[in-house]
Amino acid sequence: MDCLFCKIVAGEIPSTKVYEDDRILAFRDINPQAPTHILVIPKMHIGGADEVTADNAAVVAHIFATVPQIAKAEGLTDYRVLTNNGADAGQTVRHLHFHILGGRVLGAMG
Ligand code: 5GP
Ligand code: ZN
C-alpha cells in the first residue's frame with residue numbers, strides 16, 4: 001500500500017522516534033505547529049478515525065494509554081491531542097494519527 005506512515009513504520013522513510021512498542025509508534029512531526037508536536041500512530045494501517053471499529057479500537061485505547069508517558073517525557077503538563085478525519089478536516093495523511101501539541105499556549109479550536 002502506498003501509505004507514507006506505513007513506510008515510516010517499515011523504516012523506509014526516516015523519522016525521529018520518541019516512543020515505539022509492538023503496536024504503536026510516536027515520532028516528531030516534520031512541520032511542527034508547536035514547540036512539541038508529536039504524531040502517535042498505530043503500526044497497523046487504519047485510514048482514519050472513520051475506520052476505527054470494535055475490532056481495532058484496542059490499539060486506539062493503547063495509544064491513549066501511552067500519551068501521558070509520551071507527554072511526560074517531553075516535559076508537558078498541558079497539551080492537546082487531536083486527530084483530523086477527512087480532507088475538509090485537514091487530514092493530509094490517510095493513516096490514523098493523533099497529534100500531541102504542547103509547549104506554548106494553544107489557541108481555540110477552529
Ligand atoms: P494531518 O494533516 O493529516 O492531520 O497530519 C499529517 C501530519 O503529518 C502533518 O502535521 C505533517 O506535517 C506530518 N507529516 C507529513 N509528512 C511527514 C513526514 O514525512 N514525516 C513526518 N515526521 N511528518 C510528516
Ligand atoms: Zn498506513
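## Zinc site

Along the chain, the donors of the zinc ion (ligand 2) are spaced as C-x2-C-x38-H-x49-H, where donors are N, O and S atoms within 2.8 Å of the metal (3.2 Å for Na, K and Ca), and water is not among the atoms, so sites may look incomplete. Within that spacing, one pair links distant parts of the chain, with Cys6 in helix 1 (residues 4–10) and His95 in the loop between strand 4 and strand 5, 89 residues apart. The model is predicted, so that local features need pLDDT of at least 70 and side-chain atom pairs count only at pLDDT 80 or more, whereas totals for chains, interfaces and linings use all residues. Side-chain values use heavy atoms, with hydrogens and water left out, residues are numbered from 1 along each chain as its sequence is written, and chains are lettered from A and ligands numbered from 1 in the order in which they are written.

The coordinating atoms of the zinc ion (ligand 2) are Cys3 (SG), Cys6 (SG), His45 (ND1) and His95 (ND1), at 2.1 to 2.3 Å. The arrangement is tetrahedral because the 4 donor atoms subtend angles of 106 to 116 degrees, the criterion for four donors being that all angles lie between 85 and 135 degrees. His95 is buried, with a relative accessible area of 0%, while Cys6 counts as partly exposed at 22% relative accessibility; buried means under 20% relative accessible area, exposed over 50%, and partly exposed in between (1.4 Å probe, protein chains only).

## Sheet and helix

An open sheet of 5 strands has the order 1-2-3-5-4 with antiparallel pairing; strands (E, at least two residues) and helices (H or I, at least four) are DSSP runs numbered from the N terminus, and two strands pair if DSSP finds at least two bridges between them. Strand 1 (17–20) and strand 4 (79–82) stand at the edges, each with a single partner strand, so one side of each has no neighbour in the sheet.

A hairpin joins strand 1 to strand 2 through 3 residues, and these two strands pair over 3 bridges in the antiparallel sense, with Glu20 having Leu25 of strand 2 as its bridge partner. Strand 2 also pairs with strand 3 in the antiparallel sense over 5 bridges, Phe27 standing opposite Leu39 in strand 3. Strand 3 and strand 5 (residues 98–102) are likewise antiparallel, over 5 bridges, and Val40 stands opposite Phe98 in strand 5. Helix 2 (residues 57–73) lies across strand 1, strand 2 (24–28), strand 3, strand 4 and strand 5, and runs at about 155 degrees to strand 3, where axes are lines fitted to C-alpha atoms, for helices over the stretch in contact, and angles run from 0 to 180 degrees between N-to-C directions.

## Buried interior

The largest nonpolar core has 16 residues, and those with the most contacts inside it include Ile24, Ala26, Ile38 and Ile70; such a core is a set of buried Ala, Val, Leu, Ile, Met, Phe, Trp, Tyr and Cys residues joined through side-chain atoms within 4.5 Å. Two or more residues each come from strand 2, strand 3, helix 2 and strand 5, and helix 2 gives the most, with 6 residues. A second, separate core of 8 residues includes Cys3, Leu25, Ile41 and Val93.

Thr36, in strand 3 (residues 36–42), counts as buried at 8% relative accessibility. Leaving aside neighbours within four places in sequence, Thr36 is in contact (heavy atoms within 4.5 Å) with Glu74, Leu76, Ile100, Leu101 and Gly102.

Methods
Tetrahedral: all angles 85-135°; square planar, octahedral: opposite > 155°, others 65-115°.
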